[in-house]
Amino acid sequence: MAINLKEIAKKEELFTPGHRLCAGCGTAVLMRQVMLAVEGPVVVSMATSCPFVSTATYPYTAWKVPWIHNAFENAPATISGVEAAYKALRKRGKITQEIKFISMAGDGGTYDIGFQALSGALERGHRFLHICYNNEAYMNTGIQRSGATPLGAHTTTSPAGKLIPGKREFRKDLTAIIAAHDIPYVAQTTPFHWRDLMTKVQKALTVDGPSFINVLTSCHRGWRSDIKDAMQILRLAVDTCYWPLYEVVNGKWRLNYKVRNKLPVIEWIKPQGRFAHLLKEENQPIVAQIQQKIDENWEKLLARCVAD
Amino acid sequence: MARLAALTGNNAAAEAIRQIKPDVFAAYPITPQTEMAEEVAQFVADGILDTEYIPVESEHSSMSACIGASLAGARAMTATASCGLAYMWELLPIAASLRSSVVMAVVNRAFNAPLNIHCSHDDSMGARDSGWIQLYSENAQEMYDNLIQAVKIAEDETVRLPVMVCMDGFIISHAVERLLLLEDKKVKNFLGEFKPAYPLLEVNNPVTLGACALPDYYTEHKKQHSEALRHSIDKIMGVANEYAKLSGRSYSLFESYQLADAEYGIVILNSAAGVTKAVVDKLRKEGVKAGLLKIRVYRPFPAAQIVQALKNLKVVAVLERTDSFGGVGSPVFTDISAAFMEASTKEKPLMVNYVYGLGGRDVGLEDIGKVYANLQAINQRGKIEKSFAYLQARE
């Protein structure tokens with residue numbers, strides 16, 4: 001199951017070029033990685049989002065697999081229906097192939113409006129993988145705050161103004177919340193860590209039950225960053241321990257990348273225009289608050305993870 | 001051999017679902033549908049029914065899952081009421097415009113507020129423009145028969161549209177009635193296998209479903225849907241005729257009761273047609289030419305046929321268990337008025353619209369008797385003073 005770049009290069013692209021996602025879009029990169037990691041037949045259900053409108057605008061499609069968009073908040077509920085149909089038709093002998101199921105949604109369709117449908121589908125134990133392409137705001141509708149938006153970030157509904165310096169709340173720790181569902185496989189990753197991401201997709205698709213991968217992915221429009229920095233910023237997210245790479249396999253927490261030289265969070269903040277106001281002197285307490293939270297979470301994670 | 005049974009409306013619907021044998025049944029319990037969701041779960045638990053039962057966390061997910069299952073290539077069903085139907089509202093036009101074949105039992109219940117668990121038609125009437133076929137049922141027998149026919153209609157390759165089948169909450173859903181059930185095998189043969197058009201599970205022929213369509217293509221998608229719904233009327237009648245051969249019970253777009261030579265008519269849906277028939281019988285004995293038109297197929301709306309059936313009456317009252325607040329009248333009244341506007345016929349009755357039976361308020365012989373008396377009074381005056389009124393309301 002090891003990811004071999006030479007082998008991957010020979011595989012057919014199931015997520016094809018020609019779609020309309022931005023140049024430098026982290027989500028486009030992760031979609032490609034996910035679809036290259038998949039082995040065998042798969043059905044995808046996608047929530048309303050940037051990658052939806054950019055990859056499936058009639059009469060075009062970028063998808064070479066059976067694919068369905070239903071609504072914004074119900075990608076996991078939709079795939080649960082498809083998976084139930086598969087079980088029924090397989091039992092009746094109408095389908096003989098092994099088919100896998102993936103639902104995908106952004107942080108809006110996963111953390112917020114789609115949370116109920118996801119939580120329900122996970123609890124019911126459908127065999128599917130949910131992938132969250134998490135760029136920490138509602139980018140498709142023009143950069144509004146979400147439950148994944150970090151403290152201090154400027155979005156159009158948590159703007160940095162004269163009085164209020166961006167979002168006033170911490171993001172919720174959705175990966176831990178999903179892990180609390182006690183499903184067989186939960187993980188965090190980024191498309192910069194392509195081998196980690198693809199390995200996790202393959203692992204997730206082999207478990208007998210629901211699985212979840214939270215992928216931090218860059219959006220240079222919303223993050224106000226340079227297009228060329230898309231992947232480097234994701235690397236910094238991990239190296240500052242802002243977004244640790246870990247997985248929870250059957251309840252066992254495991255760190256996938258031990259950060260030896262932990263960078264200060266300001267390195268992650270600096271290249272992103274959404275945090276520009278945090279560089280001001282008067283906002284240094286917010287930076288300190290972010291750093292403190294990251295340190296606490298990192299320690300908590302290390303304590304949870306079993307030694308290799 | 002047909003089986004004689006004593007069942008509630010919910011039992012009858014559950015029995016129909018057992019015989020239909022959906023591949024997937026996804027439901028969230030809500031009063032007064034709960035008993036149906038429970039009974040189907042029990043059938044599955046007892047091994048009587050081989051169905052993937054998805055015990056969803058909400059109605060939003062029951063409809064989402066049914067859409068996914070139907071488009072995956074499975075026979076998918078659900079059931080709901082009131083707030084539950086409202087909660088899945090967003091998905092109703094999606095189920096229809098994606099041309100799924102979902103069949104849904106709706107146990108009509110009032111909308112809040114004030115909270116009320118009893119019968120009004122607010123829920124399904126509100127959903128009338130969602131692009132679904134809508135069938136209405138007077139009693140448990142009709143609910144059972146309509147559900148079986150609905151599956152055949154929804155899955156027909158010339159239709160491919162979802163169908164909701166309605167019955168009155170509590171009045172029918174919880175009242176025990178005598179009815180005739182078909183043999184399991186007969187239902188199975190009548191329905192045959194679902195043959196989906198482009199199923200998601202046909203992985204060797206991948207399709208993209210639910211794409212985004214911008215101003216350049218959206219209109220054509222909607223026009224196709226609109227035409228499919230209008231044309232479905234022929235198939236609905238075709239299925240009714242086939243079903244009549246199978247069951248001995250005939251169904252049409254609407255039921256005409258003493259209507260051919262009637263002067264005074266009531267148009268009504270669902271259970272209150274029963275009490276209205278009793279009043280018609282009584283009035284006929286007294287020499288009053290009373291009649292009833294009970295709508296079964298409300299979407300697609302059989303406009304021309306209803307105009308034909310009502311045009312020679314003197315006065316008609318459209319009785320509705322819902323209010324289209326601030327509108328010209330309630331939904332059926334507005335539709336029938338529009339149908340007469342569109343029709344070439346010059347003959348048309350005087351027409352009034354009464355809202356009745358809200359939130360389960362009982363409608364009795366006296367209430368319906370008063371309506372027919374009003375219609376006769378209107379005829380004597382030769383004009384309508386008030387075309388819209390609430391019956392039974394305390395002033």
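**Figure 1. The interface between chain B and chain A.** In this predicted model, 38 residues of chain B are in contact with 39 residues of chain A. On the chain B side, two or more residues each come from β2 (24-26), β3 (52-54), α3 (59-72) and β9 (208-209). Of the elements of chain B, α3(B) gives the most to this side, with 10 residues. By class, the residues of chain B that touch chain A comprise 26 nonpolar, eight polar and four charged.

**Figure 2. Strand pairing between chain A and chain B.** Strand β2 (residues 67-69) of chain A pairs with β9(B) in the parallel sense, over two bridges. Within this pairing, A:I68 stands opposite B:L209 in β9(B). In general, strands of a sheet pair through backbone hydrogen bonds, either parallel or antiparallel.

**Figure 3. The two domains of chain B and the contact between them.** The domain assignment divides chain B into domain 1 (3-247) and domain 2 (254-390). The centres of domain 1 and domain 2 of chain B, taken over C-alpha atoms, are separated by 28 Å. Domain 1 of chain B contributes 29 residues to the contact, and domain 2 of chain B contributes 21 residues. On the side of domain 1 that touches domain 2, at least two residues each are supplied by α6 (122-126), β6 (133-136), β7 (163-168) and α9 (218-247) of chain B. The element that gives the most to this side of domain 1 is α9(B), with five residues. This side of domain 1 has 15 nonpolar, nine polar and five charged residues.

**Figure 4. An open six-stranded sheet of chain B.** The six strands of this sheet follow the order β10-β12-β11-β14-β15-β16 (chain B), and their pairing is mixed. Because β10 (254-257) and β16 (388-390) of chain B stand at the edges, each with a single partner strand, one side of each is left without a neighbour in the sheet. On average, neighbouring strands of the sheet are turned by 20° against each other, direction ignored.

**Figure 5. Parallel pairing and helix packing on the sheet of chain B.** Strand β11 (residues 264-268) and strand β14 (residues 315-320) of chain B pair in the parallel sense over four bridges. The bridge partner of B:V267 in β14(B) is B:V318. Helix α10 (residues 272-285) of chain B packs on the sheet and touches β10, β11, β12 (290-295) and β14 of chain B. The direction of α10(B) makes about 160° with that of β12(B). Helix α11 (residues 303-310) of chain B also packs on the sheet, touching β10, β11, β12 and β14 of chain B. For α11(B), the angle between its direction and that of β12(B) is about 175°.

How values were computed
Residues are numbered from 1 along each chain as its sequence is written. Chains are lettered from A and ligands numbered from 1 in the order in which they are written. This is a predicted model: local features need pLDDT of at least 70, side-chain atom pairs count only at pLDDT 80 or more; totals for chains, interfaces and linings use all residues. Two residues are in contact if their C-beta atoms, placed from the backbone, lie within 7 Å. Ala, Val, Leu, Ile, Met, Phe, Trp, Tyr, Cys and Pro count as nonpolar, Asp, Glu, Lys and Arg as charged, and the others, Gly among them, as polar. Two strands pair if DSSP finds at least two bridges between them. Domain bounds come from an automatic or database domain assignment. Axes are lines fitted to C-alpha atoms, for helices over the stretch in contact, and angles run from 0 to 180 degrees between N-to-C directions.
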